[in-house]
Amino acid sequence: TGLRKYFPAGRRSLWGPACHVHAVDGVSFSLDRGETLSIVGESGCGKSTVGRSILRLTPPTGGEVRLDGERIDHLSAARLRPLRRRMQMVFQDPFSSLNPRLTVRDIIAEPIVNFGLARHRGELDERVARLLDTVRLPRDAAERRPHEFSGGQRQRIGIARALAPGAELIVCDEAVSALDVSVKAQIVNLLRDLQDELGLSLLFISHDLAVVEHLTHRVAVMYLGRIVEMASRDTLFATPRHPYTRALLSAVPVPDPLAARRRVVLSGDVPSPIDLPAGCRFRGRCPQAIARCATEDPVLRPAGPAGHLVACHLAGADDAPAG
Ligand code: SF4
Ligand code: MG
């Protein structure tokens with residue numbers, strides 16, 4: 001709720017005030033058990049920082065994070081530790097996020113040992129073997145090292161490591177972005193199956209709307225540190241209301257060329273998250289900007305069916321912008 005993360009960015013002049021990068025600037029959402037919420041936006045929009053702040057890999061500047069109703073954003077490291085078991089991350093790059101010197105057994109066993117979840121070696125080996133089954137890797141993978149595997153297989157190892165301590169919430173930060181198209185689909189399908197089998201909650205962070213369409217229940221679109229549109233997957237893909245979402249969607253290839261969306265090409269640069277413009281942050285790139293957009297910052301508010309939220313002056317409950 002109201003999550004903020006500002007990074008110090010030095011001073012513009014010796015006596016001037018300290019500047020901050022507003023990486024995350026008031027983000028609120030909830031994620032249910034067994035639900036997938038995707039956070040989508042261009043690089044630098046703050047989506048990774050949201051994921052990292054929730055897991056407290058980086059401490060938030062402000063706002064609240066709750067797990068099952070309990071505030072966790074201000075807990076001491078010691079109080080946070082038992083909760084860490086329940087919240088894990090799968091990173092973008094399975095090549096650099098797995099220690100090349102360790103065997104797959106040791107990589108997957110590490111969190112089990114750290115959290116004291118196995119009583120003896122036999123139990124540990126059995127857990128590792130079952131985790132390999134879970135991510136559809138052969139059990140003899142345990143004896144090998146990460147470099148012996150393909151990118152997709154390595155990401156399966158990363159998922160097994162995240163599941164190892166019994167995670168209920170997994171934050172996937174660009175978890176399939178580095179993979180080839182067909183491998184991407186396999187990992188997306190695996191995550192979807194695992195969610196069904198284990199009742200996982202997934203926060204799926206991606207720059208690519210096309211990828212999230214096949215696994216997500218809801219989508220939050222971020223621009224410059226804020227959520228600009230949030231809706232169920234079906235609503236967002238069928239009736240996007242924010243001009244930025246429409247531009248992102250217009251770049252998603254569709255199988256039927258007759259149904260192709262009119263391509264919206266955004267001009268202009270993303271403003272600096274240090275010198276945020278007055279009014280709407282998307283104004284400089286928005287094909288539909290009106291005078292009011294220069295002065296008034298649009299708030300995220302209901303627009304359309306239940307749960308559809310849009311931060312745009314043109315997207316009131318009944319005045320959908322044309323196009
Ligand atoms: Fe565009 Fe104005 Fe809507 Fe911002 S508020 S997205 S500038 S129309
Ligand atoms: Mg990122």
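So, how many of the eight residues of helix H1 are buried? Keep that in mind for a second while I say that we're looking at a predicted model.

Okay, helix H1. It runs over residues 47-54, and eight of its eight residues are buried, so to speak mostly covered. Going along the helix, that's Lys47, Ser48, Thr49, Val50, Gly51, Arg52, Ser53 and Ile54. And what do those buried residues pack against? Strands: E1 (3-11), E2 (18-27) and E3 (36-40), plus E7 (169-173), E8 (201-206) and E9 (218-223).

Now step just past the end of H1, to Arg56, where phi is positive, about 60 degrees. Arg56 isn't a glycine, and still has that positive value. Arg56 sits in the loop that links H1 to strand E4 (66-67). Buried or partly exposed? Arg56 counts as partly exposed, because 18 other C-beta atoms lie within 10 Å, and buried would take 20 or more.

There's another non-glycine residue with positive phi, Leu224, with a value near 45 degrees. You'll find Leu224 in the loop between E9 and strand E10 (226-232). With 24 other C-beta atoms within 10 Å, Leu224 is buried.

Last stop, ligand 1. There are 13 residues around ligand 1, and the ones that come nearest are Cys280, Cys286, Ala289, Cys293 and Cys312. By type, the shell around ligand 1 splits into ten nonpolar residues, two polar and one charged.

That's my tour, thanks.

Methods. Residues are numbered from 1 along each chain as its sequence is written. Chains are lettered from A and ligands numbered from 1 in the order in which they are written. This is a predicted model: local features need pLDDT of at least 70, side-chain atom pairs count only at pLDDT 80 or more; totals for chains, interfaces and linings use all residues. A residue is near a molecule or strand if its C-beta atom, placed from the backbone, lies within 6 Å of it. Ala, Val, Leu, Ile, Met, Phe, Trp, Tyr, Cys and Pro count as nonpolar, Asp, Glu, Lys and Arg as charged, and the others, Gly among them, as polar. A residue is buried if 20 or more other C-beta atoms lie within 10 Å of its own, exposed if 12 or fewer, and partly exposed in between; C-beta atoms are placed from the backbone. Helices (H or I, at least four residues) and strands (E, at least two) are DSSP runs, numbered from the N terminus. Two residues are in contact if their C-beta atoms, placed from the backbone, lie within 7 Å.
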